[in-house]
Amino acid sequence: MAEQSITAERESELIESTPKRLYINGEWVDAQGGATLEVNDPSTGRLLCTVADASPRDGWNALKAAEAAQPGLAAMPPRERANILMRAFELMHERKDDLALLMTLEMGKPLSDAYGEVAYAAEFFRHFAEEATRISGSYQTAPAGGARFLVAKQPVGPTILITPWNFPLAMGTRKLGPAIAAGCTSVLKPAELTPLSMLALAEILHDAGLPAGAVNILVTSTAGKVMEPLIRSGIARKLSFTGSTEVGRKLLEQASERVLRTSMELGGNAGFVVFEDADIDAAVAGALLAKMRNTGEACTAANRIFVHRSVIDEFAAKLSAEMQKLPLGRGVEDGVRVGPLVDARQLEKVDALVTEAVDGGAKVLLGGQPVDRDGYFYPPTVLTDIPAGARMRQEEIFGPVAPLTAFDTEEEVISWINATEYGLVNYVYTENLRRGIRVAEAVESGMVGLNQGAVSNPAAPFGGIKESGLGREGGDTGIEEFLETKYIGIAM
Ligand code: NAP
């Protein structure tokens, strides 16, 4: 919840006091040649500030710092690594007003969503602080006797972490938490559109006592040019990426050269199914959450909503009524629930997907046109009768658009849900437990929300199958992504 009334003065003071340089080897440094890039407020389209724009040379300095710090972090007692993460968790809560406002300013999300993200992001630090002290191995007698197997876990080594703009803080802590807990140093590159949250987080980690070089933050407008040589160098032993499937594919190819461990959290195309026996009000509330959280700019967003033909009219009317109530505006304004999209490109993409569906025969129940005001606003939109070939049934919409399609049978809806290369999450609403389990098992995704419209939780394994990714973040498997297994055979 927003806990402050925001004035223009408060906004500019916060921007003024936020670090704007690269964080390398525990110090704030300018980019080579003093290059900078612009950060804009998507709710006005206006410039917020400029920040250092790293060159390949800066990237190299960051990676060398991570390499040099690796033995020290790996040797640090797990309890000390845990204490640093706990201190960072506490500092995030102490500074939550600044972190939330900063995120709203650079990314556009409503303050209520930003506060939710700060709490979610901080929780990764607490979760992995607890995990840091529980890294264990095993000891076993060989089945034939005569030898013992000692199995130990060791940090993978320096890591490269790349994050997207839609959750500028949480996508960072979801990687940094397990990396630090496991004893891995890192070079983290946030999205060019939203670097400020991660720079503020670097300040928190610094204040929490993280050793120099353990985390390095590189902001750049030339991601490919700066990151590719680092990935191909083989100095980092792990690449963890969250972003689009298209970029993920490219990075997997680069990582293959030196056979890096990889984690890929990629795009989604979530199905949301409402059976005829569902609690319709609960399904509407779930759809609202799964669709409108972060103004629809989430990999977990309900992208294709399938409703049983016998209840689709009731569901559509109720969902439209709820979506219409959501106030739209600058995320910093009191009560706003729908912020701008992140930039003009995203707005054009959403508009094009809706226009194409409507031209093909979709019916507009709500919204359907960009909002005529400064910034990149698209209104809550509900569509029905989506043509089978519409692009929005295949591509991530990444906006506040709910496309509804009627279905008749369970088999039919399962086949529609699985007719995508993505497999991140699906949502199923039914009061019939057997059906719920049956459908949850049949849908091809790494996660399923059964009668709930949100699945993200730092203590649960988050991730996708098919072209939605590799590996899991969070849960008790999250730290494994940053650990190698070493088997020591002992002759007796
Ligand atoms: P994106 O374009 O793939 O960018 C993600 C990150 O990769 C950014 O930091 C970007 O930097 C960087 N990048 C782009 N090209 C690169 C290259 N050649 N080499 C190295 N880095 C490169 O994705 P996005 O538009 O920021 O984020 C939206 C996407 O993320 C959606 O597809 C969404 O589903 C996905 N996502 C997935 C999850 C998940 O957990 N599965 C969570 C959140 C988001 P620049 O900003 O400088 O381009």
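Tutor: Let us begin with Gln254, which touches Glu228, Ile231 and Arg232, not counting residues up to four places away in sequence. The model is predicted, so local features need pLDDT of at least 70 and side-chain atom pairs count only at pLDDT 80 or more, while totals for chains, interfaces and linings use all residues. Residues are numbered from 1 along each chain as its sequence is written, and side-chain values use heavy atoms, with hydrogens and water left out.

Student: What makes a pair of residues a contact?

Tutor: Their heavy atoms must lie within 4.5 Å. Glu228, Ile231 and Arg232 are therefore in contact with Gln254 in that sense.

Student: How do you know whether Ile162 is buried or exposed?

Tutor: Its relative accessible area is 7%, so Ile162 counts as buried. Ile162 belongs to strand β7, residues 159–162. Not counting residues up to four places away in sequence, Ile162 touches several others, among them Lys175, Met227, Phe241 and Leu251.

Student: What makes the backbone at Val259 and Asp385 worth a remark?

Tutor: Most residues other than glycine have a negative phi. Val259 is not a glycine, yet its phi is positive, about 50 degrees; Asp385, also not a glycine, has a positive phi of about 55 degrees. Val259 is in the loop between α9 and β11 (261–265), and Asp385 is in the loop between β15 (381–384) and β16 (401–407).

Student: Why do Val259 and Asp385 receive the accessibility labels that they have?

Tutor: Val259 has a relative accessible area of 64%, so it is exposed. Asp385 has 45%, so it is partly exposed.

Student: What makes the pairing of α13 with α14 parallel or antiparallel?

Tutor: Axes are lines fitted to C-alpha atoms, for helices over the stretch in contact, and angles run from 0 to 180 degrees between N-to-C directions. Under 35 degrees counts as roughly parallel, over 145 as roughly antiparallel, 65 to 115 as roughly perpendicular and the rest as oblique. Helix α13 (residues 410–418) and helix α14 (residues 433–442) pack at about 30 degrees, with axes 10 Å apart. The helices α13 and α14 are therefore roughly parallel.

Student: Why is helix α3 called oblique to helix α7?

Tutor: Helix α3 (residues 78–94) and helix α7 (residues 196–207) pack at about 130 degrees, with axes 9 Å apart. That angle makes α3 oblique to α7. Ala88, Leu91 and Met92 of α3 meet Leu201, Ile204, Leu205 and Asp207 of α7. By class, six of the contact residues are nonpolar, none is polar and one is charged. Here Ala, Val, Leu, Ile, Met, Phe, Trp, Tyr, Cys and Pro count as nonpolar, Asp, Glu, Lys and Arg as charged, and the others, Gly among them, as polar.

Student: How do you know that the buried residues of α14 line one face?

Tutor: The buried residues of α14 are Arg435, Gly436 and Val439. Down the axis of α14 they fall within an arc of 100 degrees, so they line one face; the arc is that of the directions from the helix axis to the C-beta atoms. They pack against α13, β17 (425–429) and β18 (447–450). On the other side of α14, Leu433, Arg434 and Glu441 are exposed.

Terms used. Helices (H or I, at least four residues) and strands (E, at least two) are DSSP runs, numbered from the N terminus. Buried means under 20% relative accessible area, exposed over 50%, partly exposed in between (1.4 Å probe, protein chains only).
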